[in-house]
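Please open the model in your viewer and keep the sequence panel beside it. The tour goes from stop to stop, and each stop says what to select and what is there.

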Amino acid sequence: MSVYREIVTKAVVGKGKKKDNQDFTFKVDKNLSKGLGCWIINHEFTPVFKDEKTYIKGSYDVNIWYAYDEDTQTELFKSKQEYEEEIVLKMKQGETIKPQSELKAFCLKYPTCTQLQIKGNEIYLTVEKDFALDVIGETKLKIQVSKLDEDEWSLEDEIENSVNVDYINK
């Protein structure tokens with residue numbers, strides 16, 4: 001006769017993904033001649049659940065290297081950018097986010113400068129980033145459990161019966 005048991009475990013009960021492009025305009029007090037490079041560093045992020053919605057909240061530092069005075073001088077412009085991106089979730093059938101649910105965020109593409117333009121004393125910048133979010137909740141598995149009778153196969157018996165003790169003597 002079979003007995004059924006329930007196992008409580010954690011599993012992914014919802015997922016979401018978002019790719020985002022964001023445009024920035026920065027003004028400097030110099031007449032710029034050329035953009036020499038852009039680096040985005042110190043990226044930090046965390047998942048947040050508020051007002052029945054999920055977000056990824058974070059920040060990063062933008063460093064733009066530029067030339068001015070007809071390419072005779074260079075300087076570095078720095079700016080800290082903060083963001084809060086809403087992530088739309090697709091939940092498994094019948095599942096909802098509960099207070100004990102765990103949110104796990106993944107950065108699929110770290111913030112990257114995809115476009116840098118210089119016009120006069122303005123810097124135009126496009127930053128691209130890509131996130132995924134998993135909702136981990138408790139779920140139950142129902143399994144069939146059977147008692148091991150002595151007549152049934154056991155691994156120990158199989159190993160013991162298959163060993164040839166005279167192997168070395170041959």
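The stops below begin with a sheet, go on to charged pairs, and end with a tyrosine and the cysteines.

Before you select anything, note that this is a predicted model, in which local features need pLDDT of at least 70 and side-chain atom pairs count only at pLDDT 80 or more, while totals for chains, interfaces and linings use all residues. Residues are numbered from 1 along each chain as its sequence is written, and side-chain values use heavy atoms, with hydrogens and water left out.

**Stop 1: the sheet**

Select strands β5, β1, β7 and β6, which in that order form an open sheet of four strands with antiparallel pairing. Strands here are DSSP runs of E with at least two residues, numbered from the N terminus, and two strands pair if DSSP finds at least two bridges between them. Strands of a sheet pair through backbone hydrogen bonds, either parallel or antiparallel. The edge strands are β5 and β6, each of which pairs on one side only, and the twist from one strand to the next averages 10°, where axes are lines fitted to C-alpha atoms and angles run from 0 to 180 degrees between N-to-C directions.

Now colour β1 (residues 3-27) and β7 (residues 122-145), which pair in the antiparallel sense over 24 bridges; within this pairing, Glu6 stands opposite Lys142 of β7. Finally, β6 and β7 run antiparallel and are joined by 14 bridges, and Ala105 has Leu133 in β7 as its bridge partner.

**Stop 2**

Show the side chains of Glu102 and Lys10, which form a salt bridge with the closest N and O atoms 3.6 Å apart; the term means a side-chain nitrogen of Lys or Arg within 4 Å of a carboxyl oxygen of Asp or Glu. Because Glu102 lies in β6 (residues 102-119) and Lys10 in β1, the pair ties together parts that are 92 residues apart in sequence. Lys10 is exposed, with a relative accessible area of 53%, whereas Glu102 is partly exposed at 32%; here buried means under 20%, exposed over 50%, and partly exposed in between, with a 1.4 Å probe and protein chains only. The structure holds 13 salt bridges.

**Stop 3: Lys30 and its partners**

Which residues form salt bridges with Lys30? One partner is Asp29, with the closest N and O atoms 3.5 Å apart, and another is Glu75, whose side chain meets that of Lys30 at 3.6 Å, N to O. Asp29 is exposed at 71% relative accessibility, whereas Glu75 is partly exposed at 30%.

**Stop 4: Glu85 and its network**

Select Lys18, Asp20, Glu85 and Lys129, which are linked in a network of salt bridges. Leaving aside neighbours within four places in sequence, its contacts (heavy atoms within 4.5 Å) include Gln22, Thr54, Tyr55 and Ile56. The side chains of Glu85 and Lys18 are also joined by a polar contact of 3.2 Å, that is, a pair of N or O atoms within 3.5 Å, where within protein one must be able to donate a hydrogen and the other to accept it, and residues adjacent in sequence count only if both atoms are side-chain atoms.

**Stop 5: Tyr60 and the cysteines**

Move to Tyr60 in strand β3 (residues 53-68), which counts as buried at 1% relative accessibility. The C-alpha atoms of Tyr60 and Glu82 are separated by 6.7 Å, although the two residues are 22 residues apart along the chain.

Last, show the cysteine sulfurs: with a disulfide taken as a pair of cysteine sulfur atoms within 2.5 Å, the count comes to zero disulfides. The sulfur of Cys38 is 3.8 Å from the closest cysteine sulfur, in Cys113, and this is too far for a bond. Cys107 is in no disulfide either, the nearest cysteine sulfur, that of Cys38, being 16 Å away, and Cys107 counts as buried at 15% relative accessibility.
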